[in-house]
Amino acid sequence: MHDLTGFQRDLLYVISGADRPSGQTVKDEVEKYYSSEINHGRLYPNLDTLVNKELVEKGQLDRRTNYYAITEAGTQRIDERREWEEQYIDL
């Protein structure tokens, strides 16, 4: 995850916790966390980066709506990140 921005990591976490969310659904969830509006010019290029890095797959729900789904590589990156975090955080 060292090559992702914090925002991209947050997008990856949201996608991993949902069942093929649309871009709008991802946007809504991230906006709740950030308590501010996320514009399309920020959201979609970052989603595309996750797709290009093969951490997320993108598909079509209908002619106007895409979905995003975590890939095995994306799940592995999240698992690796959590293992790294556990070294430093004792909950």
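**Packing around the helices**

Mentor: Once neighbours within four places in sequence are set aside, Leu 55 is in contact with Leu 4, Leu 12, Leu 50, Ala 69, Ile 70, Thr 71, Ala 73, Gly 74 and Arg 77, where contact means heavy atoms within 4.5 Å. The model is predicted, so local features need pLDDT of at least 70 and side-chain atom pairs count only at pLDDT 80 or more, while totals for chains, interfaces and linings use all residues. Residues are numbered from 1 along each chain as its sequence is written, and side-chain values use heavy atoms, with hydrogens and water left out.

Leu 55 sits in the loop between α3 and β1; helices (H or I, at least four residues) and strands (E, at least two) are DSSP runs, numbered from the N terminus. Because its relative accessibility is 1%, Leu 55 counts as buried. Buried means under 20% relative accessible area, exposed over 50%, and partly exposed in between, for a 1.4 Å probe and protein chains only. The C-alpha atoms of Leu 55 and Glu 86, 31 residues apart along the chain, are separated by 22 Å.

Next, the core. The largest nonpolar core has 16 residues, of which Leu 11, Leu 12, Val 26, Leu 47 and Leu 50 touch the most other members. Such a core is a set of buried Ala, Val, Leu, Ile, Met, Phe, Trp, Tyr and Cys residues joined through side-chain atoms within 4.5 Å. At least two residues of this core come from each of α1 (6–16), α2 (23–34) and α3 (40–52), and α1 gives the largest share, four residues. Not counting residues up to four places away in sequence, Val 26 touches Leu 11, Val 14, Ile 15, Pro 21, Leu 43 and Leu 47.

In α1, the buried residues are Phe 7, Gln 8, Arg 9, Leu 11, Leu 12 and Ile 15. Their cover includes α2, α3, β1 (56–60), β2 (66–70) and α4 (72–86). Gln 8 has a relative accessible area of 7% and is therefore buried. Its side chain makes a polar contact with the side chain of Asn 46 at 2.9 Å. A polar contact is a pair of N or O atoms within 3.5 Å; within protein, one must be able to donate a hydrogen and the other to accept it, and residues adjacent in sequence count only if both atoms are side-chain atoms. Beyond its neighbours within four places in sequence, Gln 8 is in contact with Asp 3, Asn 46, Thr 49 and Leu 50.

Now the helix pairs. The axes of α1 and α2 come within 10 Å and cross at roughly 120 degrees, which means that α1 is oblique to α2. Axes are lines fitted to C-alpha atoms, for helices over the stretch in contact, and angles run from 0 to 180 degrees between N-to-C directions. Angles under 35 degrees count as roughly parallel, over 145 as roughly antiparallel, 65 to 115 as roughly perpendicular and the rest as oblique. The α2 and α3 axes come within 11 Å and cross at roughly 115 degrees, so these two helices are roughly perpendicular to each other. Gly 23, Gln 24, Val 26 and Lys 27 in α2 meet His 40, Leu 43, Tyr 44 and Leu 47 in α3. Gln 24 is partly exposed, because its relative accessibility is 38%.
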